Amino acid sequence: MVACVRLESIAESELDNFLDTIRPPYAVERSLADHISYVEAEQFVRRQFEDSLPLGFRTLGHHFLRIVDTVTAVHVGIVWLRLDKASHAAYLNNVTVSPEHRRKGYASAALDVVAARAHAEGCNVLALNVFAPNTAAQRLYRKFGLEVVSMHMNMSLSDADAA
């Protein structure tokens, strides 16, 4: 079965819930990648979201979307897309499919819709970041046609690790 989806804009009143959905898993990944506590990572993520969205929901170029199955009309996930018309680039800040809907083709279908929308808006590249341990997402993105164009590496220098 091939999933068919549409992307629907969320209401401004839904933004806090949207961000609350994506913040915890992102903070966990950030904590592991940066070798910091979850509390520090969560604070970093909050600041990053505030810096990225100085006008909140009304920040130019940011689109907060729900992924909806076109057959069942069920909301299966969310997308945060940023379109930068000046650089002709689209940035997929987040795509999250609800756990009960994963492995059914929804993420792939959402990527198709995101890419088509970005292209229609004049973008000639779709970019994203993915953490190294997220191999499932990496497989999806590679299958979709995304390629690694840079790599960020680090190592922990804490006393415990250096001993």
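Tutor: Let us begin with the names: helices (H or I, at least four residues) and strands (E, at least two) are DSSP runs, numbered from the N terminus. One such run is helix α4, residues 135-144, and G145, which follows α4, has a positive phi near 115°. This is a predicted model, in which local features need pLDDT of at least 70 and side-chain atom pairs count only at pLDDT 80 or more, while totals for chains, interfaces and linings use all residues. Residues are numbered from 1 along each chain as its sequence is written, and side-chain values use heavy atoms, leaving out hydrogens and water.

Student: How many helices and strands does the protein chain have, and what pattern do they follow?

Tutor: The protein chain has five helices and five strands. Along the sequence they come in the pattern β-α-α-β-β-β-α-β-α-α.

Student: What makes the protein chain as compact as a globular protein of its length?

Tutor: We set its radius of gyration, taken over C-alpha atoms, against the globule rule, 2.2 Å times the number of residues to the power 0.38. For 163 residues the rule gives 15 Å, and the value here is 17 Å, which is close, so the chain is as compact as a globular protein of that length. The C-alpha trace spans about 55 × 35 × 35 Å along its principal axes.

Student: Why is V79 called buried?

Tutor: Buried means under 20% relative accessible area, exposed means over 50%, and partly exposed lies in between (1.4 Å probe, protein chains only). V79 has 0% relative accessibility, so it counts as buried. This residue is found in strand β3.

Student: Which residues does V79 touch?

Tutor: A contact means heavy atoms within 4.5 Å. Leaving aside residues up to four places away in sequence, V79 touches several residues, including L7, F18, F64, L92 and V114.

Student: How do you know that β3 and β4 pair?

Tutor: Two strands pair if DSSP finds at least two bridges between them. Strand β3 (residues 75-84) and strand β4 (residues 89-97) have eight bridges, in the antiparallel sense.

Student: What makes the unit of β4, α3 and β5 right-handed?

Tutor: A crossover is right-handed if, with the strands pointing away from the viewer, the path from the first strand over the helix to the second runs clockwise. The β-α-β unit made by β4, helix α3 (residues 106-120) and β5 is right-handed.

Student: How do you know that the span of α2 agrees with its 15 residues?

Tutor: The expected span of a helix is 1.5 Å times one less than its number of residues. For the 15 residues of α2 (residues 38-52) that should be 21 Å, and the end C-alpha atoms are 20 Å apart, which agrees. The buried residues of α2 are A41, E42, V45 and F49. They cover an arc of only 100° around the axis, so they sit on the same side of α2; the arc is that of the directions from the helix axis to the C-beta atoms. On the other side, V39, E50 and D51 are exposed. Among the elements covering the buried residues of α2 are α1 and β3.

Student: What puts the buried residues of α4 on the same side?

Tutor: In α4, A137, Q138, L140 and Y141 are buried. Their arc is only 160° around the axis, which puts them on the same side of α4. The face turned away from that buried side carries the exposed residues R139, R142 and K143. What covers the buried residues of α4 includes β4 and α3.

Student: Why does H88 count as partly exposed?

Tutor: Its relative accessibility is 39%, so H88 counts as partly exposed. H88 lies in the loop between β3 and β4, and it has a positive phi of about 60° although it is not a glycine. Most residues other than glycine have a negative phi. H35, in the loop between α1 and α2, also has a positive phi, of about 55°, without being a glycine. At 42% relative accessibility, H35 counts as partly exposed.
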